[in-house]
Amino acid sequence: MSESLDQYKREAALAAVAEVRPGMVVGLGHGSTAIHAIREIARLLDSGELHDIRGLPCSEHVAREARKKGMAVVNLGEVEGADLTIDGADELTETCDAIKGGGGALLSEKIVHQNSRRIILIVDYTKFVSRLGEKRALPVEVAKYGWQAQQRFIKSLGAMSADLRQDDSGEPFTTDHGHFILDCRFDPMDDPHALARALESRAGIMEHGLFLDMAQEARVAGPEGLRTLRR
(Lines give C-alpha, C1' and ligand atoms only; values in the text may rest on other atoms or scores of the structure.)
Protein backbone atom coordinates (compact mmCIF):
# COMPACT_ATOMS: atom_id res chain seq x y z
CA MET A 1 0.00 0.00 0.00
CA SER A 2 1.36 3.42 -0.93
CA GLU A 3 2.03 5.91 1.84
CA SER A 4 -0.38 8.43 0.29
CA LEU A 5 -3.19 5.86 0.07
CA ASP A 6 -2.75 4.92 3.71
CA GLN A 7 -2.83 8.60 4.58
CA TYR A 8 -6.19 8.97 2.83
CA LYS A 9 -7.50 6.03 4.81
CA ARG A 10 -6.36 7.73 8.00
CA GLU A 11 -7.94 11.06 7.02
CA ALA A 12 -11.31 9.39 6.42
CA ALA A 13 -11.05 7.52 9.72
CA LEU A 14 -10.17 10.62 11.74
CA ALA A 15 -13.08 12.52 10.21
CA ALA A 16 -15.46 9.82 11.43
CA VAL A 17 -13.88 9.57 14.88
CA ALA A 18 -14.60 13.28 15.30
CA GLU A 19 -18.25 12.22 15.67
CA VAL A 20 -17.52 10.00 18.71
CA ARG A 21 -18.76 11.39 22.02
CA PRO A 22 -18.07 10.33 25.63
CA GLY A 23 -20.28 7.54 26.87
CA MET A 24 -20.81 5.95 23.45
CA VAL A 25 -20.73 2.32 22.46
CA VAL A 26 -18.75 2.41 19.21
CA GLY A 27 -18.93 -0.33 16.60
CA LEU A 28 -15.37 -1.13 15.56
CA GLY A 29 -15.03 -2.19 11.93
CA HIS A 30 -12.60 -4.68 10.47
CA GLY A 31 -9.95 -3.77 7.90
CA SER A 32 -7.03 -1.54 7.00
CA THR A 33 -9.06 1.69 7.11
CA ALA A 34 -11.07 0.91 10.23
CA ILE A 35 -7.88 0.15 12.19
CA HIS A 36 -6.99 3.85 11.93
CA ALA A 37 -10.25 4.67 13.71
CA ILE A 38 -9.42 2.25 16.53
CA ARG A 39 -5.97 3.77 16.94
CA GLU A 40 -7.38 7.31 17.02
CA ILE A 41 -10.06 6.44 19.57
CA ALA A 42 -7.37 4.81 21.74
CA ARG A 43 -5.20 7.91 21.43
CA LEU A 44 -8.08 10.17 22.49
CA LEU A 45 -8.83 7.91 25.45
CA ASP A 46 -5.18 7.99 26.53
CA SER A 47 -5.08 11.78 26.28
CA GLY A 48 -8.33 12.21 28.20
CA GLU A 49 -10.09 13.89 25.28
CA LEU A 50 -12.54 10.96 25.28
CA HIS A 51 -13.77 8.84 28.16
CA ASP A 52 -16.26 6.08 28.92
CA ILE A 53 -16.04 4.55 25.45
CA ARG A 54 -16.88 0.89 24.91
CA GLY A 55 -15.98 -0.84 21.68
CA LEU A 56 -18.28 -3.34 19.95
CA PRO A 57 -15.86 -5.21 17.63
CA CYS A 58 -16.77 -6.76 14.29
CA SER A 59 -14.24 -9.61 14.54
CA GLU A 60 -12.03 -11.49 16.97
CA HIS A 61 -9.00 -9.78 15.42
CA VAL A 62 -10.49 -6.35 16.06
CA ALA A 63 -11.40 -7.31 19.63
CA ARG A 64 -7.78 -8.28 20.29
CA GLU A 65 -6.50 -5.04 18.76
CA ALA A 66 -8.90 -2.92 20.81
CA ARG A 67 -7.97 -4.67 24.06
CA LYS A 68 -4.30 -4.30 23.22
CA LYS A 69 -4.91 -0.54 22.94
CA GLY A 70 -6.57 -0.54 26.35
CA MET A 71 -10.14 -0.11 25.12
CA ALA A 72 -13.09 -1.65 26.94
CA VAL A 73 -14.73 -4.26 24.69
CA VAL A 74 -18.35 -5.45 24.88
CA ASN A 75 -20.58 -7.83 22.94
CA LEU A 76 -24.25 -7.88 21.97
CA GLY A 77 -25.07 -9.90 25.06
CA GLU A 78 -23.93 -6.96 27.18
CA VAL A 79 -25.26 -4.00 25.17
CA GLU A 80 -28.25 -3.53 22.86
CA GLY A 81 -26.10 -2.15 20.08
CA ALA A 82 -23.76 0.62 19.00
CA ASP A 83 -24.46 4.34 19.16
CA LEU A 84 -22.08 4.78 16.23
CA THR A 85 -20.30 2.25 14.02
CA ILE A 86 -17.25 3.26 12.01
CA ASP A 87 -16.30 0.77 9.33
CA GLY A 88 -14.52 0.53 6.01
CA ALA A 89 -15.77 -0.78 2.67
CA ASP A 90 -14.35 -2.51 -0.40
CA GLU A 91 -16.61 -0.49 -2.71
CA LEU A 92 -18.84 2.49 -1.98
CA THR A 93 -21.47 4.29 -4.05
CA GLU A 94 -22.82 7.85 -3.89
CA THR A 95 -25.81 6.59 -1.86
CA CYS A 96 -23.56 4.91 0.74
CA ASP A 97 -24.33 1.38 -0.41
CA ALA A 98 -21.28 -0.85 -0.18
CA ILE A 99 -19.58 -4.14 -0.79
CA LYS A 100 -17.81 -5.40 2.31
CA GLY A 101 -16.15 -8.62 3.41
CA GLY A 102 -12.70 -8.40 1.89
CA GLY A 103 -11.29 -9.08 5.35
CA GLY A 104 -13.60 -12.01 5.93
CA ALA A 105 -15.71 -10.54 8.75
CA LEU A 106 -18.89 -9.76 6.80
CA LEU A 107 -21.32 -11.75 8.97
CA SER A 108 -20.21 -10.11 12.22
CA GLU A 109 -19.99 -6.73 10.48
CA LYS A 110 -23.56 -6.96 9.24
CA ILE A 111 -24.83 -8.01 12.67
CA VAL A 112 -23.13 -4.99 14.24
CA HIS A 113 -24.40 -2.66 11.48
CA GLN A 114 -27.97 -3.87 11.94
CA ASN A 115 -27.68 -3.10 15.64
CA SER A 116 -26.26 0.42 15.23
CA ARG A 117 -28.08 3.71 15.55
CA ARG A 118 -25.70 5.43 13.15
CA ILE A 119 -23.14 4.11 10.65
CA ILE A 120 -20.30 6.02 9.00
CA LEU A 121 -18.34 4.23 6.29
CA ILE A 122 -14.78 5.36 5.72
CA VAL A 123 -12.85 4.82 2.49
CA ASP A 124 -10.08 6.18 0.34
CA TYR A 125 -11.07 7.48 -3.09
CA THR A 126 -10.09 4.26 -4.90
CA LYS A 127 -13.08 2.48 -3.32
CA PHE A 128 -15.65 4.86 -4.80
CA VAL A 129 -17.72 3.41 -7.69
CA SER A 130 -20.81 4.33 -9.66
CA ARG A 131 -22.18 0.75 -9.48
CA LEU A 132 -21.31 -2.04 -7.09
CA GLY A 133 -19.21 -4.76 -8.64
CA GLU A 134 -17.14 -2.44 -10.82
CA LYS A 135 -13.85 -3.23 -9.11
CA ARG A 136 -14.28 -5.94 -6.49
CA ALA A 137 -15.69 -9.42 -6.22
CA LEU A 138 -18.65 -9.90 -3.89
CA PRO A 139 -17.78 -12.01 -0.82
CA VAL A 140 -20.43 -14.58 0.07
CA GLU A 141 -20.08 -16.52 3.33
CA VAL A 142 -21.27 -20.12 2.98
CA ALA A 143 -21.59 -23.18 5.19
CA LYS A 144 -18.80 -25.68 4.69
CA TYR A 145 -21.35 -28.42 4.10
CA GLY A 146 -22.36 -28.40 0.44
CA TRP A 147 -20.43 -25.27 -0.42
CA GLN A 148 -20.04 -26.46 -4.01
CA ALA A 149 -23.83 -26.32 -4.39
CA GLN A 150 -23.77 -22.67 -3.35
CA GLN A 151 -20.98 -22.04 -5.85
CA ARG A 152 -23.14 -23.47 -8.63
CA PHE A 153 -26.18 -21.49 -7.47
CA ILE A 154 -24.26 -18.22 -7.42
CA LYS A 155 -22.99 -18.85 -10.94
CA SER A 156 -26.60 -19.45 -12.02
CA LEU A 157 -27.35 -15.91 -10.82
CA GLY A 158 -24.87 -14.54 -13.36
CA ALA A 159 -21.56 -14.64 -11.54
CA MET A 160 -18.63 -15.01 -13.90
CA SER A 161 -16.70 -16.76 -11.13
CA ALA A 162 -17.24 -17.82 -7.52
CA ASP A 163 -13.82 -18.71 -6.17
CA LEU A 164 -13.25 -20.38 -2.82
CA ARG A 165 -11.10 -17.99 -0.81
CA GLN A 166 -7.79 -19.38 0.43
CA ASP A 167 -5.60 -18.34 3.34
CA ASP A 168 -1.88 -17.63 3.17
CA SER A 169 -1.05 -21.34 3.46
CA GLY A 170 -3.25 -22.24 0.51
CA GLU A 171 -5.97 -23.81 2.66
CA PRO A 172 -9.62 -22.67 2.46
CA PHE A 173 -10.08 -19.46 4.45
CA THR A 174 -12.33 -20.03 7.46
CA THR A 175 -14.28 -17.19 9.08
CA ASP A 176 -14.65 -16.54 12.81
CA HIS A 177 -17.92 -18.48 12.54
CA GLY A 178 -16.38 -21.55 10.89
CA HIS A 179 -17.63 -20.87 7.37
CA PHE A 180 -16.03 -20.59 3.93
CA ILE A 181 -16.09 -17.53 1.67
CA LEU A 182 -16.76 -17.49 -2.07
CA ASP A 183 -15.44 -14.40 -3.87
CA CYS A 184 -17.97 -13.87 -6.64
CA ARG A 185 -17.26 -11.74 -9.68
CA PHE A 186 -20.33 -10.09 -11.19
CA ASP A 187 -20.69 -7.44 -13.86
CA PRO A 188 -21.42 -3.98 -12.41
CA MET A 189 -24.81 -4.39 -10.74
CA ASP A 190 -27.92 -2.72 -12.09
CA ASP A 191 -30.07 -4.19 -9.30
CA PRO A 192 -28.03 -5.20 -6.25
CA HIS A 193 -31.21 -5.48 -4.16
CA ALA A 194 -32.52 -8.28 -6.38
CA LEU A 195 -29.21 -10.12 -6.07
CA ALA A 196 -29.27 -9.68 -2.29
CA ARG A 197 -32.78 -11.16 -2.09
CA ALA A 198 -31.77 -14.15 -4.22
CA LEU A 199 -28.74 -14.86 -2.04
CA GLU A 200 -30.75 -14.51 1.15
CA SER A 201 -33.27 -17.09 -0.08
CA ARG A 202 -30.71 -19.91 -0.28
CA ALA A 203 -30.01 -22.37 2.54
CA GLY A 204 -26.27 -22.66 3.09
CA ILE A 205 -25.57 -19.02 2.25
CA MET A 206 -24.89 -17.54 5.66
CA GLU A 207 -24.37 -13.92 4.58
CA HIS A 208 -23.34 -11.79 1.61
CA GLY A 209 -21.25 -8.66 1.33
CA LEU A 210 -23.92 -6.35 -0.08
CA PHE A 211 -24.51 -3.69 2.58
CA LEU A 212 -27.52 -1.87 1.17
CA ASP A 213 -29.65 0.88 2.75
CA MET A 214 -27.67 0.62 5.98
CA ALA A 215 -25.07 3.38 6.30
CA GLN A 216 -26.42 6.90 6.63
CA GLU A 217 -23.17 8.59 5.65
CA ALA A 218 -19.59 8.12 4.54
CA ARG A 219 -16.26 9.92 4.52
CA VAL A 220 -14.17 9.61 1.35
CA ALA A 221 -10.60 10.95 1.36
CA GLY A 222 -8.43 11.48 -1.70
CA PRO A 223 -6.18 13.89 -3.61
CA GLU A 224 -9.00 16.44 -3.87
CA GLY A 225 -9.68 16.44 -0.16
CA LEU A 226 -12.32 14.94 2.10
CA ARG A 227 -15.89 14.35 0.93
CA THR A 228 -18.91 13.64 3.10
CA LEU A 229 -21.64 11.53 1.51
CA ARG A 230 -25.13 11.19 2.95
CA ARG A 231 -27.90 8.86 1.95
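Which residue in E12 is the bridge partner of Ile 99?

Modeller: The model is predicted, so read what follows as computed from it. The bridge partner of Ile 99 in E12 is Leu 210. That bridge belongs to the pairing of strand E6 (residues 98–99) with E12. The two strands run in the antiparallel sense, over 2 bridges.

Now the sheet around that pair. It is an open sheet of 3 strands, in the order E5-E6-E12. Its pairing is antiparallel. Strand E5 (91–92) and E12 stand at the edges. Each has a single partner strand, so one side of each has no neighbour in the sheet.

Follow the chain on from E12. The loop between strand E12 (210–211) and strand E13 (217–222) holds Asp 213. Asp 213 is not a glycine, yet its phi is positive, about 55°. Asp 52 also has a positive phi without being a glycine, with a value near 55°. Asp 52 sits in the loop between H2 and strand E2 (54–57). Its relative accessibility is 52%, so Asp 52 counts as exposed.

Gly 27 has Thr 85 in E4 as its bridge partner.

Next, the packing. The largest nonpolar core has 24 residues. Val 20, Leu 28, Ile 41, Ile 86 and Ile 122 touch the most other members. Several elements supply at least two residues each: helix H1 (3–17), strand E1 (25–28), helix H2 (34–47), helix H3 (60–68), strand E4 (84–87) and strand E7 (119–124). Take Val 20 as an example. Leaving aside residues up to four places away in sequence, Val 20 touches Val 26, Ile 41, Leu 50, Ile 53, Leu 84 and Ile 86.

H1 and H2 also meet each other. Their axes come within 8 Å and cross at roughly 50°. The two helices are therefore oblique to each other. H1 passes H2 in a right-handed crossing. From H1, the contact uses Asp 6, Lys 9, Arg 10, Ala 13, Leu 14 and Val 17. From H2, it uses His 36, Ala 37, Glu 40, Ile 41 and Leu 44.

Thr 33 lies in the loop between E1 and H2. Is it buried or exposed? Thr 33 counts as buried, because its relative accessibility is 5%. Not counting residues up to four places away in sequence, Thr 33 touches Lys 9, Ala 13, Ile 122 and Val 123. Lys 9 and Ala 13 are also on the H1 side of the contact with H2. Ile 122 is among the core residues with the most member contacts.

A second, separate core has 22 residues, including Ala 159, Phe 180, Leu 182 and Phe 186. Leu 182 is also touched by Gln 151. Gln 151 is in helix H5 (residues 147–156). It counts as buried, because its relative accessibility is 18% and the cut-off for buried is under 20%. Not counting residues up to four places away in sequence, the contacts of Gln 151 are Ala 162, Leu 164 and Leu 182.

Last, strand E8 (residues 138–142). It is mostly covered, with 5 of its 5 residues buried. Leu 138, Val 140 and Val 142 are on one side, and Pro 139 and Glu 141 are on the other. E8 pairs with strand E10 (residues 180–185) in the antiparallel sense over 5 bridges. E8 also pairs with strand E11 (residues 205–208), again in the antiparallel sense, over 3 bridges. Glu 141 has a partner in each strand. It stands opposite Ile 181 in E10, and its bridge partner in E11 is Glu 207.

Notes. Residues are numbered from 1 along each chain as its sequence is written. This is a predicted model: local features need pLDDT of at least 70, side-chain atom pairs count only at pLDDT 80 or more; totals for chains, interfaces and linings use all residues. Side-chain values use heavy atoms; hydrogens and water are left out. A nonpolar core is a set of buried Ala, Val, Leu, Ile, Met, Phe, Trp, Tyr and Cys residues joined through side-chain atoms within 4.5 Å. Buried means under 20% relative accessible area, exposed over 50%, partly exposed in between (1.4 Å probe, protein chains only). Helices (H or I, at least four residues) and strands (E, at least two) are DSSP runs, numbered from the N terminus. Contact means heavy atoms within 4.5 Å. Two strands pair if DSSP finds at least two bridges between them. Axes are lines fitted to C-alpha atoms, for helices over the stretch in contact, and angles run from 0 to 180 degrees between N-to-C directions. Angles under 35 degrees count as roughly parallel, over 145 as roughly antiparallel, 65 to 115 as roughly perpendicular and the rest as oblique. A crossing is left-handed if the near helix is turned anticlockwise from the far one by less than a right angle, and right-handed if clockwise.
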